[in-house]
Amino acid sequence: MMKTSFTPAQLSDPGVAESERILRTCVHCGFCTATCPTYVLLGDELDSPRGRIYLIKDMLENDRPATAEVVKHIDRCLSCLACMTTCPSGVHYMHLVDHARAHIARTYRRGWRERLLRAFLAHLMPYPARLRAILKSSFIVKPLAPALAAVGFTSLAAMLRLIPARRGNALWQRSRRSVPIARRTGRVALLSGCVNEAVAPGINDAAIRVLNRHGIEVVRPARACCCGALTWHLGRERESLEFVRRNIDAFSHEIEGEGIDAIIITASGCGTMVKDYGFMLRNDPLYAKRAERVAALTKDISEYLMMLELRPVCETNLLVAYHGACSLQHGQKINREPKQLLTRAGFVVCDIPEGHLCCGSAGTYNMLQPALARRLAERKAENIAKLAPRVIATGNLGCMTQLATVTDIPIVHTVELIDWATGGPLPDVLRTSVVEERTGLLAPVT
Ligand code: SF4
Ligand code: SF4
């Protein structure tokens, strides 16, 4: 067990007290290093979970402002949480690194370029309307990405590369309440999210169709917003907690009104965040209880669909490479369920070698650390190519956009395949692929 030396005054801060508790659970065994993507790439102990834990311990114990060295190694962490899956001692690295990031934000002044980039991301990504406006014009400048990278604007180039080749067809006017087409057996609230709604609204549409088809009414609370993860991981605690409280109010309104069985999330990065609301607001007397209730009701779409009896309408037999998003497999410990769902729906599912390693997406990581993110994406693409799948399925839009920069294999959200197999339309990205020819199936059902 790790020895710590915090003073009683330091421990009176609940954040420090929690970090101290986490630090003491680490037994220095180093098992986590083997599955940490940055250690695998860089081979530097300070870019491993154990190394970062020591850096954080030193910074917090000595009540020191973050140094450039600490910031470098913490910034390189993807928050992929592979270390938490591996750790035999149950070290809650996520809460520790979140605390370290907030400490960095308070005590370290970054260079002007980085401050500008981070402020830009924080004021853009959580807002679907702003994102849509930017996306419209950025399609024109997307081809400039290589030139920008060549003159040193690597983050800007990475941002442009991530813009999807085609935009989803948004159902802007869709109803806030979608009723089942079968006998109603349940009622859920869907977190629409921010980037999902701007970049790929078809994912939520597919989820709503599947749920409605299986007897579940879906509401989308009007006041719900970004889950807060994007700003949280940038260390912007105050802004993030505003999003969190707004979501808790919005979902509590539904819980206390007509009632809901679950809060459904189709972006696993958001799911990991919302499931942690109880912890985040544990010291807020006004919100703690409601935050816990919201967290307890939250389910990833794959987790919820496992509780329903799916009714596939066709045998697709399509070879699907399943990519487990880190936030799903490590953050929420959901890895078997999406594969079982796909198998039940008639797909042939294969595991990607080194499936525990992050693809490099990790929220805004692929824009803030483009070189490392690119190496991880290319490594993932090579592993996927070995399987020669017809399609890649995953449960997080971030992974979809990241992988699309390194492979031509169509990428879909798991729920889009489930929707298709149970009577919905063929996902757009599969329309022009060999899939339609090969199966001869599946005229869209609208
Ligand atoms: S969260 Fe991921 S990148 Fe960060 S230390 Fe853990 S395994 Fe390494
Ligand atoms: S595996 Fe867990 S206990 Fe071992 S060094 Fe890593 S964090 Fe510490």
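Colleague: How many helices and strands does the secondary structure of the chain come to?

Modeller: One begins with the inventory of elements. This is a predicted model, and its chain holds 27 helices and 9 strands.

Colleague: Let us take a single residue. Is Ile392 buried or exposed, and which residues does Ile392 touch?

Modeller: One counts the C-beta atoms around the residue and compares the count with a cut-off. A residue is buried if 20 or more other C-beta atoms lie within 10 Å of its own. Ile392 has 24 within that distance, and is therefore buried. Ile392 belongs to strand E8, residues 391-394. Leaving aside residues up to four places away in sequence, Ile392 touches Ala321, His323, Ile384, Leu403, Ile409 and Ile411. His323 stands 69 residues from Ile392 along the chain, yet their C-alpha atoms are separated by 6.9 Å.

Colleague: With which strands does E2 pair, and in which sense?

Modeller: For a pair of strands, one reads the sense, the number of bridges and the partners. Strand E2 (residues 186-191) pairs with strand E3 (residues 216-219) in the parallel sense, over 4 bridges. The bridge partner of Ala189 in E3 is Val219. E2 also pairs with strand E4 (residues 262-265), again in the parallel sense and over 4 bridges. In that pairing, Val188 stands opposite Ala262.

Colleague: Which residues are closest to ligand 1, and which helices supply at least two residues of its shell?

Modeller: A ligand shell is read by its members, their elements and their classes. Ligand 1 is surrounded by 13 residues, of which the closest are Cys36, Pro49, Cys77, Cys80 and Cys83. Helices H3 (37-42), H4 (49-61) and H6 (82-86) each supply at least two residues of this shell. By class, the shell divides into 10 nonpolar, 2 polar and 1 charged residues.

Colleague: What surrounds ligand 2?

Modeller: The shell of ligand 2 has 14 residues, with Cys26, Cys29, Cys32, Cys87 and Val91 the closest. The elements giving two or more residues to this shell are H4 and H6. Its classes are 9 nonpolar, 4 polar and 1 charged.

Colleague: Which domains does the assignment give, and how many residues of domain 1 and domain 3 take part in their contact?

Modeller: The domain assignment gives domain 1 (8-107), domain 2 (112-162), domain 3 (177-305) and domain 4 (319-439). The C-alpha centres of domain 1 and domain 3 lie 28 Å apart. Their contact takes 8 residues from domain 1 and 7 residues from domain 3. On the domain 1 side, the largest share, 6 residues, comes from helix H7 (residues 93-107). The residues of that side divide into 4 nonpolar, 2 polar and 2 charged.

Note on methods
Residues are numbered from 1 along each chain as its sequence is written. Chains are lettered from A and ligands numbered from 1 in the order in which they are written. This is a predicted model: local features need pLDDT of at least 70, side-chain atom pairs count only at pLDDT 80 or more; totals for chains, interfaces and linings use all residues. A residue is buried if 20 or more other C-beta atoms lie within 10 Å of its own, exposed if 12 or fewer, and partly exposed in between; C-beta atoms are placed from the backbone. Two residues are in contact if their C-beta atoms, placed from the backbone, lie within 7 Å. Two strands pair if DSSP finds at least two bridges between them. A residue is near a molecule or strand if its C-beta atom, placed from the backbone, lies within 6 Å of it. Ala, Val, Leu, Ile, Met, Phe, Trp, Tyr, Cys and Pro count as nonpolar, Asp, Glu, Lys and Arg as charged, and the others, Gly among them, as polar. Domain bounds come from an automatic or database domain assignment.
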